[in-house]
Amino acid sequence: MTELTHTDHAGLDLPQQDASGADWLDRYSSALLGVFGTPQRVLVRGDGCTVWDADGNEYLDLLGGIAVNALGHAHPFVTSVISRQLATLGHVSNFFTSPTQIALAEKLLQLSQAPDGSKVFFANSGTEAVEAAFKLARRNSAPATDGKPARTRILALDGAFHGRTMGALALTAKQVYREPFEPLPAGVEHLPFGNIEALVNAVDETVAAVVIEPIQGEAGVRPLPVGYLEAARELTTRSGALLILDEVQTGIGRTGSWFAHQPSGIVPDAMTLAKGLGGGFPIGALVTFGDTVSSLLAPGQHGTTFGGNPVATAAALATLHTIEVTDLLGHARDVGAWLRAELATIDQVTEVRGEGLLIGFDLAGDYAAAAVSEALNQGFIVNSPTPNTLRLAPPLIITRDQAATFTNALPGILRTAKETTP
Ligand SMILES: *Cc1c(COP(=O)(O)O)cnc(C)c1O
């Protein structure tokens, strides 16, 4: 064995910052599985709401790694907490626990205003949090007894996105994601989006769970109609089905509340989290509300190697602490309201949706993809979840002045995009 010092990378070819974006993309297409298509840019550095690509171009990040970089890039406090934790204790396996894991679970229960007996399971991503929720739902599928039917059905909504692993994919509505991988886990039905009557007709004692995003992010930032969550709560309570909220995208202050369902006043049976939770570090979580739901999964029935590891949970603690002490919920509400009002004044914008800093807006035609690339050319990162929709999910720390550079440039971006779209 050769001794290595901490300054000696032993020939490891760390990314040279002098290679061009085009060179990197050549290497990308030779080495990476082609599931994402060609990446738009090769990013090498970030600071706050700004990122730089391999060719030295600067961008205002209005997407935040899709609602992940809640505190922007290279946040000094999160960086130092992660580094300190890694230098202290990095990984322990789930035969053991660590103070950061326990403290984060307690913090999430406090922020979610969960009743006594509520619990947390940690995973590493959104889809894993949803898989845990799926298994929780299956555990609510009591077998048929004396005339009672088994709970074999799980209800989700048209337009839903819950992830790419098989259980989460069964809950995801989009046919192009699902079809290549059928058969998917059985029992999932999709109901018309936002239709309370369809929910009333579908929820009965054969339903194990209803799984809902408070705002559908991937469908173009579609909020549920007023009263829908309340109706879902009432129907599931009456029938004994679990109400599972997927807050992977909407949680952690994104919508100006800690969790998007909170303004409605309802208490779910379970909630999935990920994206913003670690401030850029991978972590997911399932929160189960109350004793009964929290006892559905017994010892040995679920697990993970990395989930809840000390570094990831330290990153999340630092993120939640920063959001709390700097009042980023209020900030997200303020800047978000201002941004939505500005967007609504732009001619080519036909509708603006969302809460806080999760914003979707429709264009007068299907030129959102061209708008994304023209925005990049002009130094702005946005995304198009649907052909006529643009989505913004910037770091919660974005200032009104930064957002204004985008709204000022947007009419020109949309004009060019429209002209270049056949
Ligand atoms: C992104 C997302 C997921 C999947 O999360 P991954 O970390 O990509 O696995 C699940 N549900 C919702 C609502 C999401 O937005």
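Predicted model: local features only at pLDDT ≥ 70, side-chain atom pairs only at ≥ 80, totals over all residues.
Residues are numbered from 1 along each chain as its sequence is written, and side-chain values use heavy atoms, with hydrogens and water left out.

Two packed helices are described by the angle between their axes and the distance between the axes. Here helices (H or I, at least four residues) and strands (E, at least two) are DSSP runs, numbered from the N terminus. Axes are lines fitted to C-alpha atoms, for helices over the stretch in contact, and angles run from 0 to 180 degrees between N-to-C directions. The axes of α12 (residues 328–344) and α14 (residues 400–420) come within 10 Å, crossing at roughly 15 degrees. That makes α12 roughly parallel to α14 (angles under 35 degrees count as roughly parallel, over 145 as roughly antiparallel, 65 to 115 as roughly perpendicular and the rest as oblique). On the α12 side, Val335, Trp338, Leu339, Glu342 and Leu343 meet Arg400, Ala403, Ala404, Phe406, Thr407 and Leu410 of α14, where contact means heavy atoms within 4.5 Å. This contact of α12 with α14 splits into 8 nonpolar, 1 polar and 2 charged residues (Ala, Val, Leu, Ile, Met, Phe, Trp, Tyr, Cys and Pro count as nonpolar, Asp, Glu, Lys and Arg as charged, and the others, Gly among them, as polar).

Another pair is α4 (residues 99–111) and α11 (residues 310–325), with axes that come within 8 Å and cross at roughly 40 degrees. The two helices, α4 and α11, are therefore oblique to each other, and α4 passes α11 in a left-handed crossing. Residues in this contact include Leu104 and Leu108 of α4 and Leu317 and Leu320 of α11. By class, the contact of α4 with α11 has 9 nonpolar, 4 polar and 2 charged residues.

On a 1 Å grid over the protein atoms alone, a cavity is a set of points where a 1.4 Å probe fits but cannot get out, and a pocket is an open set with protein on both sides within 12 Å along at least five of seven lines; lining residues have an atom within 4 Å of a point. The largest pocket has a volume of about 1400 Å³, a volume being the space filled by probe spheres set on the points, which are joined across faces, edges and corners. Its lining has 43 residues, with Phe36, Ile66, Glu218, Asn383 and Arg391 nearest the centre. That lining divides into 20 nonpolar, 14 polar and 9 charged residues. There is also 1 cavity of 30 Å³ or more. The largest cavity has a volume of about 50 Å³, and Val92, Asn94, Gln101, Gly308 and Asn309 lie nearest its centre among 14 lining residues. By class, 4 of the cavity lining are nonpolar, 10 are polar and none is charged.

Finally, some backbone details. Most residues other than glycine have a negative phi, and most peptide bonds are trans. Ala67, in helix α2, has a positive phi near 65 degrees. Glu182 and Pro183 are joined by a cis peptide bond, with omega about 10 degrees.

Methods. Left-handed = near helix turned anticlockwise from the far one by under 90°.
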